[in-house]
Amino acid sequence: MFFKQLISSLLFFLAVLVVVAAAARPSSPTKFQYLNVKATKLDFNDGQILHTLNFSDAHRQVSGHKSHNDTFKLNLLHRDKLSHVHGHRRGFNDRMKRDAIRVATLVRRLSHGAAAVEDSRFKVANFATDVISGMEEGSGEYFVRIGVGSPPRSQYMVIDSGSDIVWVQCKPCSRCYQQSDPVFDPADSSSFAGVSCGSDVCDRLENTGCNAGRCRYEVSYGDGSYTKGTLALETLTVGQVMIRDVAIGCGHTNQGMFIGAAGLLGLGGGSMSFIGQLGGQTGGAFSYCLVSRGTGSTGTLEFGRGALPVGATWISLIRNPRAPSFYYIGLAGIGVGGVRVSIPEETFQLTEFGTNGVVMDTGTAVTRLPTSAYVALRDSFTAQTSNLPRAPGVSIFDTCYDLNGFESVRVPTVSFYFSDGPALTLPAKNFLIPVDGGGTFCLAFAPSPSGLSIIGNIQQEGIQISFDGANGFVGFGPNIC
């Protein structure tokens, strides 16, 4: 098993080196690459080992005078690492259903130019942590582990690049779902401070109320999940960095599919997100590398301008005033086998009404494209894979292959062409994924129910992605995980 995992890691490392090189040389894209079927299949079956994090005691504080060149780093974990912790495991179809709900929610919010109502709440600074993936929990979410309160209580938190709220389940619970760690008790924290109804922080929230002079919040999600409770200022510990007076939601009534995690760490572009609250301390900069699903490794989440890598391929972020929480990019086209697919560039453009466009989202697993663009991509891919045995469609996927018995297969590359010029060629395991333990692999793209395109986390896996919010850029590479 050790040698199989070693070979798999080396092949993936080489594949992503090709990706980064292709991004730097968009004029000569690679036409074909090899998918290591056996190793990827092993990842799907055997990658359910819990990764144990070593959480260091905080010994450093962040002040308003801290240089934004400092960085803070955390491990990023795929949520499947938590599946054994609480004994809750969902099948592939359930995960895809959850993903479809996530997409429907984004489409409902963004196709009508609606602001991020449920998430327009909080803001914070720069640090780092390991990131864990949530494919086994019914979603494609990723997790970090941070400390809440004083002394810090370690908690798993979902990261969400489309959310502007930081919240955690709190005692006493009127209704709380199952989580991996003990539920946070504000009575045990010396730094917990409730927020009054008349405070500026409370005024920045939507859907707030007042109870016994304390600011109450309520956040609901498109799948019926919700969190309700009181707003508070609390100390969060990220790695070895202590951040005081972070506005968080202390949820006493919570329901939904956050199983395993204690709450959510919003990384959106709004003022109440974790990034927003950190403000000048991080220079609006953060970087993440999402670990590939089903592996025993971890990715990283890093905050601060020092986290921005030298040698990355940078493209412009596009601001949507009607949805400031989301990170839009300029996608000009898609290539298959080194040849650009015939898709009009306006298919991916953000309209003057704030609709359509292309969003990068850590909470969506599978990339969605407008139906016409998806059909063009699919048809081009199937035309170049006619030698591979087909399999029936699975869940949201209509293009699948029976690769049982294969060691590796030669497949055409899939590339994103950006409006700024560069191209990003994906590793094969980022677009042809196993959907069962029997060797069925499917093209990991799906049609969008609207004109909105979403770059999901499966396509982002293994590639360092950096956001320079202050200057309006997103970078790819040069590092991998």
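A salt bridge is a side-chain nitrogen of Lys or Arg within 4 Å of a carboxyl oxygen of Asp or Glu. I wrote that down before looking anything up.

**Ground rules.** I am working with a predicted model, where local features need pLDDT of at least 70 and side-chain atom pairs count only at pLDDT 80 or more, while totals for chains, interfaces and linings use all residues. Residues are numbered from 1 along each chain as its sequence is written, and side-chain values use heavy atoms, with hydrogens and water left out.

**Entry: the count.** How many salt bridges does the rule give? I get 7 salt bridges. A reminder to myself: side chains of opposite charge can pair when their charged atoms come close.

**Entry: Arg378.** I looked up Arg378 and found a salt bridge to Asp379, with 3.2 Å between the closest N and O atoms. Arg378 also meets Asp398 in a salt bridge, at 3.0 Å from N to O. Asp398 sits in the loop between β22 (390-391) and β23 (400-402) and Arg378 in helix α7 (residues 371-383), so this pair ties together parts that are 20 residues apart in sequence. For the names, I use DSSP runs numbered from the N terminus: helices are H or I with at least four residues, strands are E with at least two.

Next I checked accessibility, where buried means under 20% relative accessible area, exposed over 50%, and partly exposed in between (1.4 Å probe, protein chains only). Arg378 has 21%, so I noted it as partly exposed. Asp379 is partly exposed at 38%, and Asp398 is partly exposed at 35%.

**Entry: Arg305.** Arg305 and Asp468 pair up through their side chains in a salt bridge of 2.9 Å, N to O. Why does this one tie together parts 163 residues apart in sequence? Because Arg305 is in the loop between β15 (299-303) and β16 (313-318), whereas Asp468 is in strand β31 (residues 463-468). Is Asp468 buried or exposed? Asp468 is buried, with 7% relative accessibility.

**Entry: Phe32.** I found Phe32 in strand β1 (residues 32-35). Its relative accessible area is 30%, so Phe32 is partly exposed. Which residues does Phe32 touch, leaving aside neighbours within four places in sequence? Counting contact as heavy atoms within 4.5 Å, I listed Gln384, Arg410, Val411, Pro412 and Thr413. I also noted 9.3 Å between the C-alpha atoms of Phe32 and Ala428, which are 396 residues apart along the chain.
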